[in-house]
Amino acid sequence: MHDIRFIRETPEAFDAALTRRPGEAPASARLLALDAARRDAIQKAEEAQAEQNRASKEVGKAKAAGDEAEFARLRALVAEKKAEVAAMQAEAKAKDAELQDALARIPNLPLDDVPEGADEGDNVEIRRWGEPRALDFAAKEHFEIPAAAAGLDFEAAAKLSGSRFVVMSGAVARLHRALAQFMLDMHVTEHGLTETWTPVLVREEMMFGTGQLPKFGEDSYRTEEGWWLVPTAEVTLTNLVAGEILDESTLPRRYAAHTQCFRSEAGSAGKDVRGMLRQHQFEKVEMVSITRPEESLEEHARMTRCAEAILEKLELPYRTVVLCTGDMGFGARKTHDIEVWLPGQGTYREISSVSVCGDFQARRMNARFRPEEGARPEFVHTLNGSGLAVGRALIAVLENGQEADGSVTLPAALAPWLGGARRIDAEGRLG
């Protein structure tokens, strides 16, 4: 959500930043017209209320003076003004709702150092780690590797739920679980995040708070009872501070949660239809930080390193890119994507997005902190990032560890979570 006062004071700067996003037109004139109409309606309602109050006082005086004609006239005037006030207040409320809805549909403004571009082809690589392993055989995708094939059943999942689901079993299911536990434990013990367990069903206000609603409702699932299934634990972790005024001494707050996630993948027809790269139901270990405004950019860099460290421990080559203005998410001011090397596809694919949102989500949630005793509350800054997407980490481990005989060599870092196992043989047995 944007601050209408900022738009009033610097409309040109607002439009200049907004139009750096491809497809976004200048919006300040439209927003300021809505704001002016809202303020005019509020003023008229207040003036009518003042007139009603004055007339109400005169009614008593007329009654006391025994002037029945004046009493009747004033009583009729009060009734008339009461109806006028109600109508004007309703108009002011409608104008305010119209303005708030317009503001809620406008994406966040990119930071000045975010590169301009139309799509992912214009993202800018800032570093890479590790060298893709040279294979002396043709690399397979995860679902083609014999060691994994026995534990990935897409036909059974289609029978149960339809396309874009998977049933995992045996060594693959255990590896998937081990990855989630490894990530969560590392974030808690080495990165200082607070382990958190949250619901996956949330109220509509929570989805609005983090920006999934009202504009992107088709990307998520809603139950008949009105709950929404979370597309990521960003929704629940960030909304833990919704409506709160936090003590500055408690900042930064750093959370991590491992949850099921649900996305309809609207608009992705035909993309990544094979395997488990793009699913309707998947798991992620999510990171969320709540910070003071002056610390959010430093926190963004720290969170990016937390996600990168997981890949380094797993010995998975990756590259980190800054998303351009055309590829950045709705609520982000700046985003780092971390892309892991997938030999089966011969390319890097996203496994984590780490975004700094400034006060954009905080305004929607009314999440604030008090800088010092007696000071006026200020909006916090929020950040979120995958640490990591568990299913995509599974794909990367399988593909990067594949051997010519159909087996998979597993990262040493996972051995404590796999009973010491370092390999899945070609028959799908952990050993």
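Arg429 and Asp425 form a salt bridge, with 2.9 Å between the closest N and O atoms. The model is a predicted one. Arg429 counts as exposed, at 51% relative accessibility. Asp425 counts as buried, at 11%. The cut-offs explain the labels: exposed means over 50% and buried means under 20%.

Salt bridges can also share partners. Arg8, Asp35, Arg38, Arg39 and Asp96 are joined into one network in this way. Across the whole structure, the search finds 31 salt bridges. In general, side chains of opposite charge can pair when their charged atoms come close.

Arg8 bridges to Asp35, and the closest N and O atoms are 2.6 Å apart. This pair links distant parts of the chain, 27 residues apart. Arg8 belongs to helix H1 (residues 4-9), while Asp35 belongs to helix H3 (residues 28-65). Arg8 is partly exposed, with a relative accessible area of 30%. Asp35 is buried, with a value of 2%.

Another salt bridge joins the side chains of Arg128 and Glu125, at 2.7 Å from N to O. Here Arg128 is partly exposed, with a relative accessible area of 47%. Glu125 is partly exposed too, at 32%.

Now turn to helix packing. Helix H7 packs against helix H12 (residues 390-400) at an angle of about 115 degrees. Their axes are 9 Å apart. The crossing of H7 past H12 is right-handed. On the H7 side, the contact is made by Val172, Leu175, His176, Leu179, Ala180 and Met183. On the H12 side, Val390, Gly391, Ala393, Leu394, Val397 and Leu398 meet them. What classes of residue make up this contact of H7 with H12? It has 10 nonpolar residues, 2 polar ones and no charged ones.

Stay with H7 for one more residue. Val188 is found in this helix, which covers residues 170-189. Val188 is partly exposed, with a relative accessible area of 29%. Leaving out residues up to four places away in sequence, Val188 touches Leu193 and Glu195. Ala72 gives a sense of scale. Val188 and Ala72 are 116 residues apart along the chain, and their C-alpha atoms are separated by 74 Å.

Is Thr238 buried or exposed? Thr238 counts as buried because its relative accessibility is 0%. Its contacts, not counting residues up to four places away in sequence, are Thr210, Val288, Ile290, Gln361, Met365 and Thr382.

Next comes a sheet. Three strands form it, in the order E8-E14-E15. The sheet is open, and its pairing is mixed. Strand E8 (245-247) and strand E15 (378-379) stand at the edges. Each has a single partner strand, so one side of each is left without a neighbour in the sheet. In general, strands of a sheet pair through backbone hydrogen bonds, either parallel or antiparallel. Here E8 and strand E14 (residues 368-370) run parallel, and 3 bridges join them.

The loop between helix H11 (360-365) and E14 holds Asn366. This residue is not a glycine, yet it has a positive phi of about 55 degrees. Asn366 is partly exposed, with a relative accessible area of 33%.

Arg164 also has a positive phi without being a glycine, at about 65 degrees. Arg164 is placed in the loop between helix H6 (154-160) and strand E3 (167-168). At 15% relative accessibility, Arg164 counts as buried.

Finally, look at the peptide bonds. The bond from Leu213 to Pro214 is cis, with omega near 10 degrees. Pro214 is in the loop between helix H8 (204-209) and strand E6 (221-222). The bond from Gly387 to Leu388 is cis as well, with omega near 20 degrees. Leu388 lies in a strand, E16 (residues 381-389).

Technical notes. Residues are numbered from 1 along each chain as its sequence is written. This is a predicted model: local features need pLDDT of at least 70, side-chain atom pairs count only at pLDDT 80 or more; totals for chains, interfaces and linings use all residues. Side-chain values use heavy atoms; hydrogens and water are left out. Two strands pair if DSSP finds at least two bridges between them. Helices (H or I, at least four residues) and strands (E, at least two) are DSSP runs, numbered from the N terminus. Buried means under 20% relative accessible area, exposed over 50%, partly exposed in between (1.4 Å probe, protein chains only). Contact means heavy atoms within 4.5 Å. Axes are lines fitted to C-alpha atoms, for helices over the stretch in contact, and angles run from 0 to 180 degrees between N-to-C directions. A crossing is left-handed if the near helix is turned anticlockwise from the far one by less than a right angle, and right-handed if clockwise. Ala, Val, Leu, Ile, Met, Phe, Trp, Tyr, Cys and Pro count as nonpolar, Asp, Glu, Lys and Arg as charged, and the others, Gly among them, as polar. A salt bridge is a side-chain nitrogen of Lys or Arg within 4 Å of a carboxyl oxygen of Asp or Glu.
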